[in-house]
Amino acid sequence: MKLHDAKRVAIIIEAPMQRRLTEAMERAGVTGYSVLKVQAGSGQSGRWSADAAVGKAGGLVQVVCVVRQDGLDELIEHAFPLVQRHIGIITVTDCQVLRPERF
Amino acid sequence: MEGFFDLAIDNLGSPLILSFILGLAASLARSDLSFPEAVAKALSIYLLFAIGFKGGVSVSGYGIEWGLFSALAAGVVLSAVLPFIAFGLLNVMTRLNRTDAAAVAAHYGSISIVTFVAGTSVLQSQGIVSEGYMVAVAAAMEAPAILSALWLVSGGGRERMDPGLWREILLNGSIVLLVGSFAIGIATGEKGMAQIEEFFVTPFKGVLCLFLLDMGLIAGRGIRNSRGVITPGLFAFGILMPMIGATLGLVTGLVIGLSPGGVFLLAVLSASASYIAVPAAMRVALPEADPGIYLTLSLAITFPFNLTLGLPLYLFLASAITGGPA
């Protein structure tokens, strides 16, 4: 079975920014994404836990998507301004997919 | 009229406050006691609907009156003005930068609906009635403080506002539920109440106990995480600011002619600090502000203070200045 190169982009961002990020991703032509809840963690802004928060202000989510290699720059161009001022991180890794027409 | 100490002892000995203290103590002792998120959310939906509906039913008995509009206007003005006082106080008492101070100030202009619900429960225990429309005042006081904070952080200039933010603030779940159930209460009145009373009135205090137990757990986690965040100046602000807010609320309530119970509730609203709606708005509008400071202050210092000592103090003062019952 033939595998096709693609990019997997994982963006951890503050929960109140989730809708803005996914809208930006759609504008960048991303065809699909998954949103995962982040339970707890530690970073430049200190330690935090979803248990110690009321509402979504203190929470983080991870938005994961797969894009074609030539779609990566546009995605970063749309997503980075949203992450720049906020707590969060963008990682890009190489991956392979079976059905490239889906991305 | 009961003295402050009698009211405080009544309050501290109530199942509501003891549940909160249990949660606080369990959390500080690092117990693994916790509420599933969905359960906590369900409890808050129940409480918001019940309090909004009961307020609406109360208004339906008297019809829409002038006092509703003057109380709404007073609430909006208080919410808009309190951040300026908080901002000034923070500049004197702490070394917070402008952005952090403005973000904290927004929390103290807005309200904590849980403190309000606990306040209505205290009134009920004391047999004191209040204006049913205070629920609508609570909803109206959520947002103006955010605008004041953005004005403060821009130094009086025009800060660019995220266009979707206002919709999120004004349509946040608690406002929709409060206003919506208030409207249902007005529309259905006593007849509607008779149909759902057994679910929304009798179990109310028991549900509030469980919710406050969870809030105690959350506040305890906030206190545990506050090491290195809360300076003595910030701690003092977290106690002093609610008392200043309550004083303004008391005076405003008296001026607009609210009943003793209404004056008390306006004081409670003015004294309380948001920890749900405003933090979410601040993460979008002022992401540079440190959430560790404003969340810890409002949730781990001001909320427990208001719940344990603030409520009896404000009730005592409201009764003293109105000459009403307590």
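Reader: Which residue does K37(A) form a salt bridge with, and how far apart are the closest N and O atoms?

Author: In this predicted model, K37(A) forms a salt bridge with E37(B), and the closest N and O atoms of the two are 2.2 Å apart. The pair crosses between chains, since E37(B) lies in helix α3 (residues 37-62) of chain B and K37(A) lies in strand β2 (residues 34-38) of chain A.

Reader: Is K37(A) buried or exposed?

Author: K37(A) is exposed, with a relative accessible area of 52%, and E37(B) counts as exposed too, at 56% relative accessibility. The cut-off behind that word is a relative accessible area over 50%.

Reader: How many salt bridges are there between chain B and chain A?

Author: The count between chain B and chain A is five salt bridges, while over all chains the count comes to eight. In general terms, side chains of opposite charge can pair when their charged atoms come close.

Reader: Which residue does R85(A) meet in a salt bridge?

Author: The side chain of R85(A) meets that of E288(B), with an N to O distance of 2.8 Å. This pair also crosses between chains, from the loop between α2 (72-84) and β6 (88-97) of chain A, where R85(A) sits, to the loop between α14 (277-285) and α15 (291-322) of chain B, where E288(B) sits. R85(A) counts as partly exposed at 43% relative accessibility, and E288(B) counts as partly exposed at 49%.

Reader: Which residues are joined into one network?

Author: Salt bridges that share partners join R19(A), R20(A), E23(A) and E168(B) into one network. Within this group, the side chains of E23(A) and R19(A) meet in a salt bridge at 3.0 Å, N to O.

Reader: Where do E23(A) and R19(A) lie relative to each other in helix α1?

Author: They are four residues apart in helix α1 (residues 18-27) of chain A, so about one helical turn separates E23(A) from R19(A). E23(A) counts as partly exposed, at 32% relative accessibility, and R19(A) is partly exposed as well, with a relative accessible area of 28%.

Reader: Back to the two chains: how many residues of each are in contact?

Author: On the chain B side 21 residues are in contact with 15 residues of chain A. The area buried between chain B and chain A is about 1500 Å², and carbon and sulfur atoms give 52% of that area. Six residue pairs are in polar contact between chain B and chain A, counting pairs with both residues at pLDDT 80 or more.

Reader: Which helices of chain B supply residues to the side that touches chain A?

Author: Helices α9, α11 (204-224), α14 and α15 of chain B each supply at least two residues of that side, and α14(B) gives the most, with five residues. The residues of the side of chain B that touches chain A divide into 12 nonpolar, two polar and seven charged.

Reader: Changing topic, why is helix α8 of chain B largely enclosed?

Author: Because eight of the 10 residues of helix α8 (residues 144-153) of chain B are buried, the helix is largely enclosed by the rest of the structure. Among the buried residues of α8(B) are P144(B), I146(B), L150(B) and V153(B).

Reader: Which helices do the buried residues of α8(B) pack against?

Author: The buried residues of α8(B) pack against α4 (66-93), α5 (98-109), α7 (134-140), α9 (163-170) and α14 of chain B.

Note on methods: Residues numbered from 1 in each chain as written. Chains lettered and ligands numbered in written order. Predicted model: local features only at pLDDT ≥ 70, side-chain atom pairs only at ≥ 80, totals over all residues. Heavy atoms only, no water. Salt bridge = Lys/Arg side-chain N within 4 Å of Asp/Glu carboxyl O. Buried < 20%, exposed > 50% of the residue type's maximum accessible area, 1.4 Å probe, protein only. Contact = heavy atoms within 4.5 Å. Buried area = accessible area lost by both parts, 1.4 Å probe. Polar contact = N/O pair within 3.5 Å; in protein donor to acceptor, adjacent residues only side chain to side chain. Nonpolar A, V, L, I, M, F, W, Y, C, P; charged D, E, K, R; others polar.
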